[in-house]
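My notes are below, one topic at a time.

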Amino acid sequence: MAIAESIDDKLDVADVRKHFPIFSHPGNEGLVYLDSAATTQRPTKVLDAIRHFNEEYNSNIHRSAYKLAEKATAGYECARLLIAQFTGAAHSHEIIFTRGATEAINFVMRGWGEKFLKPGDEILLSEMEHHSNLVPWQVAAQKSGAKLKFIPFDDNGELELGKLDDLLTARTRLVAITHASNVLGTRVDVKRIIDAAHAAKAVVLVDGAQHVPHSPLNVQDLDADFYVFSGHKMLGPMGIGILYGKEALLDAMDPVLYGGSMIDDVRQYESTWAELPWKFEAGTQNIPAVIGLGAAIELLEEWGLRRIEEHDKMLTSYVLRQLEQIDFVTVYGPREHRNPVISFAIQGIHAHDIATFFDSRNIAIRSGHHCAKLIMKKLNISATARASFYLYNTTEHVDLFVDAIHKARGYFARWI
Amino acid sequence: MDLDDLYQEIILEHYKEPKNQGTVADANVHVEGRNPFCGDEIKLTMLVQEGIVQDIKFTGSGCAISQSSASVMTEHIKGKRVEEVKKLFEEFGHLVRGEEHMHEQIDDMDELSAFQGVSAFPTRVKCAMLAWNAMKEGIEKELERYAE
């Protein structure tokens with residue numbers, strides 16, 4: 001049951017950790033998991049919800065008049081209601097299930113972009129987009145004759161929003177922007193961007209994959225036109241994501257996938273489409289994943305996103321304080337107002353070698369370009385090491401992480 | 001899984017002081033290798049004449065494994081016949097993937113055998129193979145061109 005949330009009481013991390021079987025699985029004792037920006041671990045409640053569906057009421061939804069199917073349909077649509085509440089959507093039919101944030105963006109690119117983008121239109125992105133919010137728009141621009149423009153980021157890893165007025169023009173049709181960078185950790189002031197974009201009569205899509213796990217969301221307060229995120233980065237299952245869209249925009253869009261369950265009427269040579277949200281949900285959906293995502297959201301609300309945010313903030317400032325003391329470490333991204341995603345370099349050691357060294361100490365971090373090659377290019381590097389923290393990480397994990405940095409430097413010292 | 005098996009002295013020495021870095025001025029083979037998952041890149045230039053790799057150099061950026069593997073590779077294939085190089089490619093692939101193989105080309109004393117430790121680190125196999133895959137692609141392209 002959800003308990004009243006107050007930021008006075010802190011997240012009980014020891015208790016939180018007990019919900020994640022992976023941490024007590026034989027062989028995983030001592031695992032320091034610092035890759036939650038890639039995917040989070042899954043709590044028992046989510047795993048149980050999936051198992052219960054499979055063992056107790058597996059059946060297809062919206063189709064059959066028997067008890068199992070009724071229960072499956074109820075579970076599926078209940079999750080939609082939960083997600084609508086969680087995101088602050090005005091209507092639950094504005095919540096469309098997709099395979100993930102990437103697919104959700106592709107839906108907008110295909111269903112909205114291919115229909116409405118015209119030659120000479122401008123699409124405004126930022127230089128810190130994940131490839132998932134860059135590549136679809138490159139292709140959309142190539143197909144439609146629209147032009148891509150980019151909001152640059154500064155040396156501090158902050159978007160240069162002072163340039164917005166110049167970048168937004170009468171030709172700007174779409175602004176597609178991340179809510180938080182998966183590399184730099186930057187939290188983007190999307191409200192300011194949305195207001196400016198709307199003043200220029202542009203539609204705004206927000207990629208919330210890195211925001212939603214860490215902070216409360218209200219798509220209506222933001223006035224976002226489209227908002228996407230992924231289940232597996234917020235304790236939910238893989239293979240499920242959300243496309244939120246304002247009703248009028250979703251109505252105006254073409255369907256993206258055609259086939260079963262997305263139709264209103266089918267005749268021999270033509271068909272008509274179902275109403276929202278089913279117009280976009282062709283074929284059998286990933287029903288257990290939807291139900292699992294619902295369970296994840298219940299848990300996030302129980303633990304409280306404000307409390308999670310405070311915990312993230314505490315860990316972030318604790319780790320940054322220590323890294324600042326180390327002269328052979330470079331940290332990318334802003335010092336303040338950022339997510340617990342720390343991209344860093346150790347002088348003389350390549351990111352992959354750092355990651356392998358950390359793995360030998362049972363610390364899981366990511367290395368590479370993190371699907372954000374525009375950032376790498378701008379920073380003039382080919383890869384970074386990245387540690388991302390979440391609600392099950394402790395200050396002890398930070399200490400082990402910082403210690404591993406010193407040990408790595410020692411291990412490779414002779415060759416640096 | 002001991003880290004020292006991966007980061008053997010020879011490997012790190014090549015990382016620190018790579019051999020054959022640069023560009024072959026009169027090269028007839030130019031090829032790039034890229035690891036799309038991590039951004040490691042390598043550019044090879046080779047002069048292949050009369051079925052022999054006369055010269056080979058590389059430039060690039062990446063981890064200790066990918067860069068030292070490129071360095072060791074260039075030392076080993078320079079002066080070798082293309083058929084030998086292809087056999088070496090096969091055997092090196094078996095070696096880093098930890099597959100059974102005939103020790104025809106690479107014996108235990110060989111610098112190439114230092115990469116045996118990679119097999120215990122499956123995520124790093126692609127690093128060790130980056131330069132080799134590029135080299136093979138380059139040689140095959142050149143042979144095709146020659147055949148035409």
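**Entry 1: domains of chain A**
I kept in mind that this is a predicted model. I looked up the domain assignment of chain A first. Domain 1 covers 13–42 + 304–415, and domain 2 covers 47–301. I took their centres over C-alpha atoms and found 28 Å between them. Domain 1 of chain A puts 27 residues into the contact, and domain 2 of chain A puts in 30 residues. I then asked which elements of domain 1 of chain A give two or more residues to that side. They are α11 (305–323), β12 (341–346), α13 (373–379) and β15 (384–388) of chain A. α11(A) gives the most, with five residues. By class, I noted 12 nonpolar, eight polar and seven charged residues on the side of domain 1 of chain A that touches domain 2 of chain A.

**Entry 2: chain A against chain B**
Next I checked the contact between the chains. I found 13 residues of chain A in contact with 17 residues of chain B. On the side of chain A, α12 (351–360) and β14 (366–368) each give two or more residues. α12(A) has the largest share, five residues. The chain A side divides into four nonpolar, eight polar and one charged.

**Entry 3: helix α3 of chain A**
I tested the length of α3(A), residues 67–87. Its 21 residues should span 30 Å at 1.5 Å a residue, and its end C-alpha atoms are 30 Å apart, so the two agree. I listed its buried residues: A72(A), G75(A), Y76(A), A79(A), R80(A), I83(A), A84(A), F86(A) and T87(A). What do the buried residues of α3(A) pack against? I found α2 (44–57), β2 (95–98), α8 (219–222), β7 (226–230), β8 (241–245) and α10 (287–303) of chain A. Just after the helix, G88(A) has a positive phi of about 80°.

**Entry 4: helices α2 and α3 of chain B**
I moved to chain B. The axes of α2(B), residues 9–16, and α3(B), residues 64–77, come within 8 Å and cross at roughly 85°. That angle falls in the range 65 to 115 degrees, so α2(B) is roughly perpendicular to α3(B). From α2(B), the contact uses I11(B), L12(B), H14(B) and Y15(B). From α3(B), the contact uses A64(B), I65(B), Q67(B), S68(B), S71(B) and V72(B).

**Entry 5: A131 of chain B**
Is A131(B) buried or exposed? It is buried, because 28 other C-beta atoms lie within 10 Å and 20 or more is the cut-off. A131(B) sits in helix α5 (residues 125–147) of chain B. Leaving out residues up to four places away in sequence, A131(B) touches G33(B), I42(B), L44(B), F58(B), S66(B), S69(B), A70(B) and M73(B).

The peptide bond from L276(A) to P277(A) is cis, with omega near 0°. P277(A) lies in the loop between β10 (271–273) and α10 of chain A. N380(A) is not a glycine, yet its phi is positive, about 60°. I placed N380(A) in the loop between α13 and β15 of chain A. N380(A) counts as exposed, with 6 C-beta neighbours inside 10 Å. N20(B), also other than glycine, has a positive phi near 55°. N20(B) lies in the loop between α2 and β1 (29–34) of chain B. With 19 other C-beta atoms within 10 Å, N20(B) is partly exposed.

Terms used:
Residues are numbered from 1 along each chain as its sequence is written. Chains are lettered from A and ligands numbered from 1 in the order in which they are written. This is a predicted model: local features need pLDDT of at least 70, side-chain atom pairs count only at pLDDT 80 or more; totals for chains, interfaces and linings use all residues. Domain bounds come from an automatic or database domain assignment. Two residues are in contact if their C-beta atoms, placed from the backbone, lie within 7 Å. Helices (H or I, at least four residues) and strands (E, at least two) are DSSP runs, numbered from the N terminus. Ala, Val, Leu, Ile, Met, Phe, Trp, Tyr, Cys and Pro count as nonpolar, Asp, Glu, Lys and Arg as charged, and the others, Gly among them, as polar. A residue is buried if 20 or more other C-beta atoms lie within 10 Å of its own, exposed if 12 or fewer, and partly exposed in between; C-beta atoms are placed from the backbone. Axes are lines fitted to C-alpha atoms, for helices over the stretch in contact, and angles run from 0 to 180 degrees between N-to-C directions. Angles under 35 degrees count as roughly parallel, over 145 as roughly antiparallel, 65 to 115 as roughly perpendicular and the rest as oblique. The expected span of a helix is 1.5 Å times one less than its number of residues.
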